[in-house]
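Visitor: I am new to this structure and would like to be walked through a few of its residues. Could you take my questions in turn?

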Amino acid sequence: MKLLIALTCILAVVAANENANVLRNDAEVNVENFKYALELDNSVNTQQEGSLNGGNWVVKGSYKFTSPEGEEVSVQYTADENGYHVDAAQPVLPTPPPIPEHILKAIKYIEEHTK
């Protein structure tokens, strides 16, 4: 499922760039692993590889593109049994604000009273 989500995100980038020409499109898909790379002439460059680790997929990949403002954006990520994780990003991705104390107390209360 997580693999499907990651591939869907990549396909969304490609669909948003439907007027771009493909410079490189390499893919190798096997039962227990895969890898692919896609490069378009409008600065979009993405690559991903994954393999089964036990019963779980571990996927590592990256993508980069030039924003409408002319800034190069790049992201390196991992997706595994714990979800999607950004390993590195340029520019640095925004982070959410800290969870308010009253919400943390409510979560703790719920955890303590639902066992």
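**Buried residues and their contacts**

Guide: Let us begin with Thr78, which is buried in this predicted model, its relative accessible area being 7%.

Visitor: With which side chain does the side chain of Thr78 make a polar contact?

Guide: Leaving aside residues up to four places away in sequence, Thr78 touches Val59, Lys60, Gly83, Tyr84, His85 and Asp87. The polar contact between side chains has a distance of 2.5 Å, and the partner of Thr78 in it is Asp87.

Visitor: Is Gln48 buried or exposed, and what distance separates its side chain from that of Tyr77 in their polar contact?

Guide: Gln48 is found in strand β3, which covers residues 45-53. Its relative accessible area is 2%, and since the cut-off for buried is under 20%, Gln48 is buried. The polar contact that joins the side chains of Gln48 and Tyr77 is one of 2.7 Å.

Visitor: Which residue's backbone oxygen does the side chain of Thr46 reach?

Guide: Thr46 lies in strand β3 and is buried, with a relative accessible area of 4%. Although Thr46 and Gly61 are 15 residues apart along the chain, their C-alpha atoms are separated by 7.5 Å. The side chain of Thr46 comes to 3.2 Å from a backbone oxygen, which belongs to Ser62.

Key
Residues are numbered from 1 along each chain as its sequence is written. This is a predicted model: local features need pLDDT of at least 70, side-chain atom pairs count only at pLDDT 80 or more; totals for chains, interfaces and linings use all residues. Side-chain values use heavy atoms; hydrogens and water are left out. Buried means under 20% relative accessible area, exposed over 50%, partly exposed in between (1.4 Å probe, protein chains only). A polar contact is a pair of N or O atoms within 3.5 Å; within protein, one must be able to donate a hydrogen and the other to accept it, and residues adjacent in sequence count only if both atoms are side-chain atoms. Contact means heavy atoms within 4.5 Å. Helices (H or I, at least four residues) and strands (E, at least two) are DSSP runs, numbered from the N terminus.
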